[in-house]
Amino acid sequence: MKSKLLQSFGPGLLFAGAAVGVSHLVQSTRAGADFGFGLIWALFLVHLFKYPFFQFGPRYVAATGETLLDGYRKLGKPVLAIYYVLNFATMFTIQAAVTIVTAGLAAELFGITQNLVIWSTTLLIISILILVIGKYKVLDNLMKYIIIILTISTILAVLIALSKTNQAFSFAQIIPTKTVEITFLIAFLGWMPAPLDVSIWHSIWSVEKNKSNLSRTTSKEALFDFNVGYIGTLFLGVCFVLLGALVMYKSGETFSDKGTVFASQLINLYTKNLGGFSYIFIAIAAFTTMFSTTITTLDASPRAMTISTNLLFDKKTIFNYWFWIVFLLIGTFIILQFFIGNMGVLVKVATILSFLTAPFYAILNYILIFGKHTPKEFQPGIYTKILSFVGIIFLIGFSVWFLTSI
């Protein structure tokens, strides 16, 4: 049984690789820097209320052997068409946001050049080569090592920060009231731990995992794998908030919206406060965080677009996985040309869009899991059903609050 559980690891860690990125490195660190420990409530609350909707991805695959997109198709073509339009409208912004942050960190870590276009191109080419050479299997195995490196280096950075600080911090929680603060909170929640459409990506990776194993992962194995990845994203989210609070809170520093400057500020602030020896831990943690996200998003969006295109037209089309990768690259570069010097705005737009579309995915996943298309024996219990219902109210409520506050 133990060996089977270990073999089932993969989609959950890919989920963690996709989730732990801008939401943690940029948004969580900024939350700690600007609010201290005051937004810890938001971190735990959003993990709690998004949990069932992310869990429904691997649960549905274990029950049916199909992706959530196959399920959306059973709910009707109009439903799938809405997803198709939403995904098409947001995938370029998401890819551009994660790529530009990764490029800024690469420029700071490796030097060579400060040109973010060159770094973005290089990183995307490396990511494509990884996907071309090994497809899902290499991505699966690579992510296990990246998550291990990320976790160890982040824990070391937090321990160093805790040992160095002599400040007293307030654990009083803060409810933002100003428009700027509310906007940040919504952006923080939007990608924490990830956009809700990552549940679709997770279901796709789960199906790929089944293909590579030539057998279907059981419901118990799938949920165990998911829970490990999900708890890991929560743990790392807390770590990055702690780092922001311990090192940057009340430091007087204002983060730049430029990628290279932000990366330099982030890493240099840590080393200035923790000591030069901590540079390598911070730099590795930051870069591996973003590079893992760059690879997983580059793989997932084209997979989702390929499957949904085929389902919409009821046949395989010329718009396959590699077509969408090339198309995604072109769209990403076009967006980068406009936002290359304004990373902060790009990240804010991408994260807010993700939060505002979250209720759509939450409701669809709820209907699919508790409806006729999921066998009764695979449906969650009453407590998960109640949590799902409250979660939908939470997501809609915060979206309405934001839209009426701006």
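In this predicted model, Trp201 is buried, its relative accessible area being 3%. Trp205 is likewise buried, at a relative accessible area of 0%. Both tryptophans belong to helix 9 (residues 198-213), where they stand four residues apart, about one turn of the helix.

**Aromatic pairs**

The structure contains 28 aromatic pairs. A pair of aromatic rings is described by the distance of the centres and the angle of the planes. Two of the pairs are set out below.

| Ring pair | Distance of centres | Angle of planes | Class |
|---|---|---|---|
| Trp201 and Trp205 | 6.3 Å | 70° | edge-to-face |
| Tyr366 and Phe370 | 4.9 Å | 45° | tilted |

The angle of 70° between the planes of Trp201 and Trp205 is why this pair is edge-to-face, as planes over 60 degrees apart count as such. For Tyr366 and Phe370 the planes lie at 45°, so the pair is tilted. Tyr366 and Phe370 are both buried.

Ring pairs also join Tyr84, Phe88, Phe92, Phe319, Phe323, Trp324 and Phe327 into a cluster. A ring is involved in another kind of arrangement at Tyr321: the charged end of Arg303 sits over the ring, 5.0 Å from its centre.

**Helix packing**

Helix 3 (residues 22-35) and helix 6 (residues 77-110) have axes that come within 11 Å and cross at roughly 75°. The two helices, helix 3 and helix 6, are therefore roughly perpendicular to each other. Helix 3 contributes Val22, Leu25 and Val26 to the contact, and helix 6 contributes Ala97, Val98, Val101 and Leu105. By class, the residues of this contact comprise seven nonpolar, no polar and no charged.

Definitions and conventions
Residues numbered from 1 in each chain as written. Predicted model: local features only at pLDDT ≥ 70, side-chain atom pairs only at ≥ 80, totals over all residues. Heavy atoms only, no water. Axes fitted to C-alpha atoms, helices over the stretch in contact; angles between N-to-C directions. Parallel < 35°, antiparallel > 145°, perpendicular 65-115°, else oblique. Contact = heavy atoms within 4.5 Å. Nonpolar A, V, L, I, M, F, W, Y, C, P; charged D, E, K, R; others polar. Phe/Tyr/Trp six-rings, centres within 6.5 Å; stacked < 30°, edge-to-face > 60°. Buried < 20%, exposed > 50% of the residue type's maximum accessible area, 1.4 Å probe, protein only. Lys NZ or Arg CZ within 6 Å of the ring centre and 35° of its normal.
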